[in-house]
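Please keep the sequence and coordinates at hand while reading.

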Amino acid sequence: MSMESVRWAFRYGAWSPTRVEWLLAARCVQPEEKDRIGQFIYTKDAKAAMVGRLLIRKVIAEKLHIPWNEIILQRTAKGKPFLTNSVPSMLSTFNFNISHQGDYAVLAAEPVLQVGVDVMKTSLPARGSVPEFFRIMKRQFTDLEWNVIKSSGSEWEQMDMFHRHWALKESFIKAVGVGVGFNLQRIEFHVSPLRINTEQVCKETAMFLDGEHEEEWAFEETKLDNDHHVAVALGKPTGSCPDHSEVLLPESKNIPQFTTLSFHELLTVAIPMTPEDPAYWDCFSSKEESPVCQTPVQK
């Protein structure tokens, strides 16, 4: 059974759910997840969490052929979702990762390779100057990385390059499963090309770990729009399975594009699991979208 890579995005920042949509979405996630999502103070956070769960259920239902209403997801101690259903051994290496930030939620899934994904929206610091922000964040990047960031042009372009590097580092951290406490200066990215156009997918960026070039890791980079960087980290699988020695990282011609899904596409194979709960809409619709926004800054 062959399975292809998956790259999906959903722009929840531009999604204003109708009553019908929100109540249907709530019926398509597990009750404990529905309750957790309902506790968010702002609707933008609730939408991001809801879309993340729906993306996970969609990819499992479509790629592992488990009926939507039979999928059982639990969380690790660190909060990472995982599938508890048994799957055939030939599909046991299938893995996925999600990220949401800015206006987008994204999912990347791979049949064999380790995968991590991160999306970052470029913005200027909410408080203070760009140089002050960089001073505070100094320990997160190497001297070489800072030189690339600070030589990128205007302050907006510098922040854009900052967020590009941040997405790359986060994608690797998420792929290998290490978290708080990992010294980000151990990993250094040599980004290429210096400019990425919207919807262009690049994989020339190289990573160095403790000064050594990591040739068994590849990084896909794209921009969903002018403000959102996405990085996908791909590594050869861990473990001693003999078949893994033949696993190859993707060639440039085979790099998948991110597909931006509509709400209808998000729920194409969904099977509602719980009765409609009208009070859930009342709670959602009474909330603010997000905290009071800062005055927009010209790019």
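D103 counts as buried at 11% relative accessibility, where buried means under 20% relative accessible area, exposed over 50% and partly exposed in between, with a 1.4 Å probe and protein chains only. K121, with a relative accessible area of 24%, is partly exposed, and its side chain meets that of D103 in a salt bridge at 3.2 Å, N to O (a side-chain nitrogen of Lys or Arg within 4 Å of a carboxyl oxygen of Asp or Glu).

## Basis of the values

The model is predicted, so local features need pLDDT of at least 70 and side-chain atom pairs count only at pLDDT 80 or more, while totals for chains, interfaces and linings use all residues. Residues are numbered from 1 along each chain as its sequence is written, and side-chain values use heavy atoms, with hydrogens and water left out.

## Salt bridges of R7

R7 is buried at 3% relative accessibility, and its side chain forms salt bridges with E110 (2.7 Å, N to O) and with E220 (3.0 Å, N to O).

Across the whole structure, a search finds 15 salt bridges, and E33, R36, R53 and R75 are linked in a network of them.

## Contacts of W22

Leaving aside neighbours within four places in sequence, W22 is in contact (heavy atoms within 4.5 Å) with residues including W15, I37, M50 and F284.
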